[in-house]
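Please consider the structure shown below.

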Amino acid sequence: MSWPGTFKMAECGASGSGSSGDSLDKSITLPPDEIFRNLENAKRFAIDIGGSLTKLAYYSTVQHKVAKVRSFDHSGKDTERDHEPPYEISVQEEITARLHFIKFENTYIEACLDFIKDHLVNTETKVIQATGGGAYKFKDLIEEKLQLKVDKEDVMTCLIKGCNFVLKNIPHEAFVYQKDSDPEFRFQTNHPHIFPYLLVNIGSGVSIVKVETEDRFEWVGGSSIGGGTFWGLGALLTKTKKFDELLHLASRGQHSNVDMLVRDVYGGAHQTLGLSGNLIASSFGKSATADQEFSKEDMAKSLLHMISNDIGQLACLHARLHSLDRVYFGGFFIRGHPVTMRTITYSINFFSKGEVQALFLRHEGYLGAIGAFLKGAEQDNPNQYSWGENYAGSSGLMSTSPELGPAQRARSGTFDLLEMDRLERPLVNLPLLLDPPSYVPDTVDLTDDALARKYWLTCFEEALDGVVKRAVASQPDSVDAAERAEKFRQKYWNKLQTLRQQPFAYGTLTVRSLLDTREHCLNEFNFPDPYSKVKQRENGVALRCFPGVVRSLDTLGWEERQLALVKGLLAGNVFDWGAKAVSDVLESDPYFGFEEAKRKLQERPWLVDSYSKWLQRLKGPPHKCALIFADNSGIDIILGVFPFVRELLLRGTEVILACNSGPALNDVTHSESLIVAERIAGMDPVVHSALREERLLLVQTGSSSPCLDLSRLDKGLAALVRERGADLVVIEGMGRAVHTNYHAALCCESLKLAVIKNAWLAERLGGRLFSVIFKYEVPAE
Amino acid sequence: MLKLVGGGGGQDWACSVAGTSLGGEEAAFEVARPGARGKAGDGSPGWGCAGIPDSEPGAGVLQAGAVGPARGGQGAEEVGESAGGGEERRVRHPQAPALRLLNRKPQGGSGEIKTPENDLQRGRLSRGPRAAPPAPGMGDRSGQPERSAPHSPGAPVGTSAAAVNGLLHNGFHPPPVQPPLICSRGPVGGNDAVPQRLPLLPELQPQPLLPQHDSPAKKCRLRRRMDSGRKNRPPFPWFGMDIGGTLVKLVYFEPKDITAEEEQEEVENLKSIRKYLTSNTAYGKTGIRDVHLELKNLTMCGRKGNLHFIRFPSCAMHRFIQMGSEKNFSSLHTTLCATGGGAFKFEEDFRMIADLQLHKLDELDCLIQGLLYVDSVGFNGKPECYYFENPTNPELCQKKPYCLDNPYPMLLVNMGSGVSILAVYSKDNYKRVTGTSLGGGTFLGLCCLLTGCETFEEALEMAAKGDSTNVDKLVKDIYGGDYERFGLQGSAVASSFGNMMSKEKRDSISKEDLARATLVTITNNIGSIARMCALNENIDRVVFVGNFLRINMVSMKLLAYAMDFWSKGQLKALFLEHEGYFGAVGALLELFKMTDDK
């Protein structure tokens, strides 16, 4: 197929996506960085055209700068000069895969197609997968504008494919809506087994589908009373044309003026009879009269109740018939509208007496587009990968809510985005989790805990300057570093403000999600590893200290040594740039030493102290294999973790050392850990032989987060854990052992240790700054 | 589940359908049940249940009714089982053969039916025909010591204070009393007319009940007599009332076997009520008697007469109560058995304004008992229940009688203003499965808003002329044809009122189309919920009742279609002629029951 737009596109390609807002409808002004990103590399398109919204999906590659570490060639060099770095860092371009989803109102469809046409460089794309009720209406327009053949996909198949995809890949995708809680959203942790479930799609009508496996689903029923009924009947009754306006009316109405309630039929006696007087006996039962006027608001509310209750009732009946207790709701009637989620949830609770759970999806609006995309991409087998929501590129949950102010709506309601990064490696549960379905990584739910939320949001705001500064400093040779850093600041600041307003915007708000969002935003503006230089320097310093530390440890008696090793682990953990208190000290006094850190540590008994139990355990037989999740670069890994590892190895315990796949703060990455281990092996025969004999294995976690989600770990790690029969898990650091996993229950022994480097958190836990957590747990028999 | 009336106790009131010559004409009536023995006798003259032998205290006549007259031992067995299952109202049953014997006995004649009506229309009560057959025991009592003042025939009654005080609670002057007869056998009516009222509920008895000028000893004797009386009829007039959210349903039993003496003793306002109700077909602006539903020549509680079906809007309830007050209804000392939410809502008003104490009854109990009763007595010789043959073929679809002899289990869908769905496993074993607020009230309410109509009749008339496919979005409107992936026909409604999302379409449709769409939407939705309930409860017979179906052939056929189509013929939709009146009938039945309750 010849591509008529090649010339033009080449022209545009040079200027990137940053320009040519002029080809768009004048009425839309798009922040060009935000919408249709990476269109130049877009490879595959899918479109879902609904009654009012269009969802466009495309697959693209994103070029990222990544910091690579590489060992110097040390051959022929026996001694090192003091300030020579232990390895070299080079910034390279890396291409990663990303899924983009954009949702916009149908009115923009032509302008958007023009924009896409003008920016598309890729000429391999020949087909666009299309789904949704409007797909055939716009078929010609799409084919003409994009010169792509429209391939129609079945709506329901797409919807279900999309639903399976988000349920598997996006943590906190599903939530229940609780009317009286604040906030009203309760997110569900990812259930390892998503099937079977009932999907109730409320479009203009209602479809009820039972989904049994990835490919098997069955239409079990439906109803003609759906969103179209609300809209159509609502328009007739209230002369209000727009769906959102109708919902708006409904949210202000009093249905009891229109509906015949139980108390209207029973009078005051309903109480003595144990009936709820507010139950609706007959929808619109009071409007059967000619001599009364009813307000638009009241009628809209009554209509909303009528339809929601009816759908909820049918859903319950179907759930019961098929013995299912999870019902996901989607479709434009729901689409994030709190008022409809509220009425549907009420109805489900009422009719099922609490036995069926009404679940909603954060990305419900994208299901069709995701599914259509997946249909078209089957040859690439996207389901074999794990995908992660990119917080930087995705809009929050409530962006289309009619209850937000009109100003907010105008900005994000018009164009809503979802971006998902393809993770290079599939992620799975840690096999050692005691009960995967009930595992919740995060210790504190900030959506729930308003006090903690306020503190942490402020904390992250206050730390932002420092992060920006560090980001700029990490790229001294870059001319636009300051400009990009400023954009990062804006972006992350805006995210924080969104989260202040809507803590539920990206699922359960946690310290982890705040940290991850920051990492995503940094990456977005090409600051892949702001700490690379710091880490390099610290690793160099620490490596030079390693022989001395090991020597002094070896002089100690066994019992003394065990405590010293643990103290070393903890002291090393003080060196954490992620924690503000420490970064202040490190900025002002770079020679803050390892010994000094030990002195800073709380004396025993520690805040949480099961050291004696641990020591007792060490007197027993060695563990078979220990899985250690390392935290920081430099002193932590080299002077804290490695001596500890060495001791385990000497005891005859195999060690799997798991480090992050990608950079996060000053956390040691897998590639850094390889170099560090290699360097230590050069100095220490124990580590050397263990590496050679594969008794010490270095693996990656699959994560680039300062925290740790044990339900999303690298598949290779999981396999190794199983293969080696790991019977001890060591998790160190605040991010991994306190913010997350503090309550994680494992089916083997575990050691969680951290130094609380945050005064507020320390106080909350009943301690002080630099309080020590040493939590040794043995699963109950 | 509400249980307003305490369980236990037997029901030794009796009912019977007199064999009528009318029935003879219907002898050829087809019995619908597939594979059923088409014994003409089953549904034909002479059937019905007659009085239960007295020696069987606690024999449930309702059961007898449910057994189905002239039904074989099979039916009786089943009833026995179901009664055993129902714990709350355990009853003993008469033996089926005895029943059958009684049933076969022809009673009365057709002349009896017609004459009084004519008489009534002339405003004159003819006593002649009604004198025979005399109710056994009636009139041959010896003097009653409690009787304060014997009335000579023709003496003014009912209005004078003395008369009022002397009145007994049935509105008749106290007959001479003889010690209660313990009859071993005989129609229940044998020892009727003992003026006893609610021995169970003495607090319900208005104070002036007992002659106030009587001596304490006299009162005491009277009470003793009342308490000891075992088999009694409630005083006239006999009403059953179902006060719904939109409509009040009233059934009135008009005794046609009033003896000369009774007639003479009948107080004036009781007589005037009878005359008023039976000689009119419309009351005030909004009250209507459904003459076509009248059950003729019915024996209830040992009395023969006609059961009248009257309805008026619930908003007229206050006027009704006012009227009760003006007509001095309370002087009759009748018990007003009422069910439906309004029984609770208006209870206070009844007491305050009209000095009437309502006996409140659970509406679902009443609904089921009323339905089983009416079905058991039949519709003047015709079956009460029917279905639609060939429901999916509009040309061949037609109404056919259905034999509901063995109704269990059934899914009972009561469509009033709202809808209740019950799973009925036996006469007194049932549960409310669910309900929906999208019912008749919704249809009418929406129609009024959308079309400006004012009455149900108007709304239905419009609906009959309209075309809902202009309003609704069909599957083919979305997919261009059938949605094969899910096996949905192109003509199926995908979105009710879905076309009304578009302004042009809103501007181009007629009121009739809107009325039709509203009717279709509500009906299909009820059908769909009912179908799901039937599946969940594993029941294949769905009985639709309630006033939403009144003069509403469109909905009935739609429901019949929906049940059949979506279940691939597994479900059957059944309908009943007295669609909305069962609650009221059930309430009336409770009146008899409570009189006998100890």
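Two strands are said to pair if DSSP finds at least two bridges between them. The model considered here is predicted. In chain B, strand E10 (residues 385-389) and strand E11 (residues 398-401) run antiparallel and are joined by four bridges. One of the residues involved is B:Glu389, whose bridge partner in E11(B) is B:Gln398. E10(B) is also joined to strand E18 (residues 572-576) of chain B, here by three bridges, and these two strands likewise run antiparallel. In this pairing, B:Leu576 of E18(B) is the bridge partner of B:Cys385.

The interface of the two chains may be considered next. Here, 51 residues of chain A are in contact with 54 residues of chain B. The area buried between chain A and chain B is about 4300 Å², and carbon and sulfur atoms give 66% of this area. Of the area that chain A buries against chain B, 14% is supplied by A:Trp219, A:Leu236 and A:Tyr266, more than by any other three residues.

The rule finds one salt bridge between chain A and chain B: A:Arg320 forms a salt bridge with B:Glu537, and their closest N and O atoms are 3.4 Å apart. On the side of chain A that touches chain B, the elements that give two or more residues include helix H5 (227-238) and helix H8 (296-321) of chain A. H8(A) gives the largest share, nine residues. By class, this side of chain A has 30 nonpolar, 16 polar and five charged residues.

Terms used: Residues numbered from 1 in each chain as written. Chains lettered and ligands numbered in written order. Predicted model: local features only at pLDDT ≥ 70, side-chain atom pairs only at ≥ 80, totals over all residues. Heavy atoms only, no water. Contact = heavy atoms within 4.5 Å. Buried area = accessible area lost by both parts, 1.4 Å probe. Salt bridge = Lys/Arg side-chain N within 4 Å of Asp/Glu carboxyl O. Nonpolar A, V, L, I, M, F, W, Y, C, P; charged D, E, K, R; others polar.
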